[in-house]
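Please have the sequence and the coordinates at hand.

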Amino acid sequence: MTQTHRLRGGQIDRSQRLPFSFDGSSYVGHPGDTLASALLANGVRLMGRSFKYHRPRGVLTAGSEEPIALVELRTGGRQEPNTRATTAELFEGLVANSQSRWPSLKFDLMAINDYMSPFLSAGFYYKTFMWPAVFWEKLYEPIIRRAAGLGSLSMEEDADAYDKGFLHCDVLVVGAGPSGLAAALTAGRAGKRVILADEDYLMGGRLNAETFDIGSGSGSDWAASVVAELASMDNVRLMTRTTIIGSFDHGVMAALERVSDHLAAPLKDKPRQTLWRIYPDHTILSAGAIERPIAFPNNDRPGIMMAGAMRAYANRWAVTAGKSVAIFTNNDDGLRTVRDLQAKGVEIAAVIDTRDGGEVIGGTRHIQGGQVIDTKGRLGLHSIAVRTKDGDVKTIPCDALGVSGGWNPNVHLTCHQRGRPAWNETLATFVPDGLPTGMTVCGAARGDFSTHGALKGGMLAAKAIGAKAIELPHAEDAPVNITPFWYVQGKPRAWVDFQNDVTVKDIKLAHQENFRPVEHLKRYTTLGMATDQGKTSNMGGLAVMAEMTGKTIPETGTTIFRPPYTPVAIGALAGRSRGKEFRPYRLTPSHQWAEEQGAVFVEVGTWLRAQWYPIAGETHWRESVDREVLATRGSVGVCDVTTLGKIDVQGTDAAAFLNRIYANGFAKLPVGKVRYGLMLREDGIVMDDGTTARMSEHHYVMTTTTANAVSVFRHMEFARQCLWPDMDVQLISTTDAWAQYAVAGPNTRRLLEKIVDQDISNEAFPFMACSEITVCGGTRARLFRISFSGELAYEIAVPTRYGDAMIRAIMKAGEEFDVTPYGTEALGVMRIEKGHAAGNELNGTTTALELGLGKMVSKAKDSIGSKLSERDGLSHEDGFKLMGFKPVDPGEAFNAGSHFLKPGAPETIAHDEGYMTSVAYSPNLGHTVGLGFLKDGGNRIGEQLRAFSPVTDKDIMVEVVSPHMIDPEGERLRG
Amino acid sequence: MDKLTLSPALGAAAHNYQDDGISIAENPSLALASIAARLGQKKQLLGAVKKLTGLNLPDPQRLVAAGDYTIFWTGPEQWFVTAPINTHEDIEMRLRSVLGASASVTEQTGGWTRFDVEGDKLAAMFERLCMIDLATTPPHHAIRTVIEHIGAFVITWEGGTVSVLSPRSYAGSLFHAMTVAAKSV
């Protein structure tokens, strides 16, 4: 197919031909084209089907306000639904498909909805599909969603990457039309740091769509010269293809830069789009205006579009929307389209002006005081019916109709902080009012519709923030001449919102059913919803409602707008935070060594910890874990415990401070000793536990659980800074500064004696001792005689830079003892066997009493949470107690999360006796072991209960045992 | 046993990245310790630091450097002190002995990883990493910020070089984020 509708001139590069396809048909366009302009050039008017009635639709606008020419662009992982054909830049090989149709665009079976329209009025499904209620979710909604819907997803992973970023400037100029260019030029020449952003790929705004001159040349040439001057300034950043999508607190603005959308695929390592957060001192909003339609019967046929868009297609893209064009207007601006099309040699079928009087354009059939009362043409306009002021009805053949109902300032960004635009009677439109911090508005966005007004407004906006005035070129200064006219009375449906298929009739129904406030009107009819957010429809809907209620438009109200200004891909909001890069990872000092051993890693918070270390021949994780547990309890094992939080506590009041933080006493802990500490929240619930070592008189090293390292530090900083600022105590995290390894098992001391330079015998270094030591002939280290596994154990810490060397030294020294590295699974097995609580038990609902640690909450002093832990509900002796559990039949295994029931009791909450928190297979005992909370557990040892899981229906008989299932007297760890 | 050897944050060798417009180099040559003024002892601390280093303790977001020592602000009445590791691996003990009861000193050498970044793409790269306005940040600033969820200090030097310090365990993810941003420019 040839470009049958291409005109002369325009800002396209005819030297290059860009083949593309739409709905499987091949076409050719040129660089500079959008998909919409290229389709129009090829004589394609039918571009989609409407949302609800599946009416054939063309293109309405030439910009980002487009409500109906929405396509699925690209294929596979790059397919994007609801892409506006008006903003999609043409590139070689572009593939687009229409949406909301089946089986084809020209023959859409869902168009039956159009014939059923009397039954499908606003709110129809809420009224119709009420019964039976359960059918809504299972039947009605899926059917309705399939029938309606706006495009589809490929269900493939997005093939592209997205960036996020931060920009700073003195002044952000939003929109590079005449006012924006004047503002940027004024500010730029004054040395201000300027960002000029425009959603278009070509700066100049309407100057590229109009024919009038600025100074001695064309408007587009002036725009190009200003852009060239701005580009030469180091203090100015020009951002094309960049939409300012939102205005946020403190004047922060969000921008979406479409870095690669004009290419078939992004260049290597480059993002598709970048979401910028811009911090400007000032924002000058020069976002222009959006032309509004007039509602008239059957005003939605392909070929009917905004008169200003028609002019833009002709002047900028050298495309005519039709061979014989009619114009329907209520203002002088609509007449500009007539003149421009005439100048391009396009046949003008008629000019229908709702106003009676004013200029008559020569060489045309100019009908003043007329109205378009109907249209014909199933897949594209072929005639209109016009009623003259005398009441005669004439049929006028034409294949395109340009409509102008006036222009609405683009006030969106002024509303994002709940600014409410004010009605301007002269301009018959809303203008900005109540601006966000640091924002000024100029040009058409504030109602200055002439080019001169735009240039002057832009310059003055920059001057107001300290720039020196510049000399402006001469430009047209035509006044706005409009007689408001919103809709044509008539029986056939007249569309107000093209995207959501909302008609004048729907608004009448909303009025009739008393959904009259604009916010109700919007929600009842869906006016202004979905991807275009009512850019072309809100004003019309409001005006129709005003007329029905007999109120003025400002009395009726106005809707305001929310971010984003145009749709944003979810990928852009996510940026790089997706998949494996969703969040950063923390690696332990032994990570590389563990990788060399083939360790399997698990995420623990942001840490990656070795979960187990499989060796040759092991095919199941349990084999590895059982081996690691048996080897540790049989000889010696080593585990990287660097991830536990370490907090350095210093100061002359450090002891007193810890005494208040911990529920148990710390003031009398001798230097060189470690103590297990229990920390309560303000409300008496256990917050965290760990060991704290007194390294010197005023220096402690606290450890926390891995998961709570940050929250405990924050809690302590709050206490230090806010609760007790008069205490001399200083805190800093040293989690990353020390590589720490737990070495456990009966041969631990023999192993460590080969590494540690000092005497670590039981006499010299008893259970719960700590000391600064040296290892391997002089490297500074710390040694703690503590045990989580219940074995003879030490934790040895070296400055992290020696961490890799330390694990290798331990493994080498331990060769003669068959030292075995163990991961978090084996760690878990051993602590469950020993009855030590961990995160599963410190779950934010449990008390010290329940954990069997009630006596640790000292009554001899005050500490955070101690008083509230005495509350009635938290201090029942017959309440939950942490107990051990084993299966009655050793061959059976139970699961964590099971609830305890007495044999024969119903499986209800009322008969719940408690729940299992941790479960592991104990290779030492030869059966599954569990820890859990059981009512009055301390008095129920030996009792048999059901461990029942209502999730899996697993029902196992268990026996209550002591939680200390291995070495209950603690002889091993003191040995 | 053999003596233990030092290792950088990410494996056996320091991590580096280089392209036409940027170079990122892990710098493992620093000894680092934190100092925090004891209650009511700031004046004594100032004097002691001045005596040792010739430097005044800097204000928030600022850095001072002279001779072997560099000091930057990290929090209320808290600073990091750095010096070359080959001559000051014992930085904590040195500071402790000089500062006495005026400050709490904590060793941080292995706790942080430093990457030095320079090149023409520096500003564009950092626009994609953090909210610091490098174009208007003079040299000798040390600004606490967040890069891809990672807490970090961004330090500006004379000549336009920038250093980024993050907790050592995050070094891999930080290095990845920086190289991705460098390639993205």
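The expected span of a helix is 1.5 Å times one less than its number of residues. The model discussed here is predicted. For the twelve residues of helix H13 (residues 538-549) of chain A, that rule gives 16 Å, and the end C-alpha atoms are 17 Å apart, which agrees.

**Helix H13 of chain A**

- The buried residues of H13(A) are Asn538(A), Met539(A), Gly540(A), Gly541(A), Leu542(A), Ala543(A), Val544(A) and Met545(A).
- An α-helix has 3.6 residues a turn, so residues three or four places apart point the same way.
- Gly550(A) follows H13(A) and has a positive phi, near 75 degrees.

**Chain A as a whole**

- Chain A has 23 helices and 50 strands.
- The radius of gyration of chain A is 38 Å, whereas a compact globule of 975 residues would have one near 30 Å.
- The C-alpha trace of chain A spans about 115 × 70 × 55 Å along its principal axes.
- Of the 975 residues in chain A, 54% are buried.
- Taking contacts in chain A between residues at least 6 apart in sequence, 66% join residues at least 24 apart.

**Contact between chains A and B**

- Chain A contributes 43 residues to the contact and chain B contributes 37 residues.
- On the side of chain A that touches chain B, at least two residues each come from strand E8 (162-174), strand E31 (586-587), strand E35 (646-650), strand E39 (730-733), strand E43 (793-799) and helix H21 (803-813) of chain A.
- The residues on this side of chain A comprise 18 nonpolar, 13 polar and twelve charged.

**A five-stranded sheet in chain B**

- Five strands of chain B form an open sheet in the order E4-E5-E6-E3-E7, with antiparallel pairing.
- Strands E4 (63-66) and E7 (103-107) of chain B are at the edges with a single partner strand each, so one side of each has no neighbour in the sheet.
- On average, neighbouring strands of this sheet are turned by 25 degrees against each other, direction ignored.
- Strand E5 (residues 69-75) and strand E6 (residues 78-84) of chain B run antiparallel and are joined by five bridges.
- Opposite Ile71(B) stands Val81(B), in E6(B).

How values were computed: Residues are numbered from 1 along each chain as its sequence is written. Chains are lettered from A and ligands numbered from 1 in the order in which they are written. This is a predicted model: local features need pLDDT of at least 70, side-chain atom pairs count only at pLDDT 80 or more; totals for chains, interfaces and linings use all residues. Helices (H or I, at least four residues) and strands (E, at least two) are DSSP runs, numbered from the N terminus. A residue is buried if 20 or more other C-beta atoms lie within 10 Å of its own, exposed if 12 or fewer, and partly exposed in between; C-beta atoms are placed from the backbone. Two residues are in contact if their C-beta atoms, placed from the backbone, lie within 7 Å. Ala, Val, Leu, Ile, Met, Phe, Trp, Tyr, Cys and Pro count as nonpolar, Asp, Glu, Lys and Arg as charged, and the others, Gly among them, as polar. The radius of gyration is taken over C-alpha atoms; the globule rule is 2.2 Å times the number of residues to the power 0.38. Two strands pair if DSSP finds at least two bridges between them. Axes are lines fitted to C-alpha atoms, for helices over the stretch in contact, and angles run from 0 to 180 degrees between N-to-C directions.
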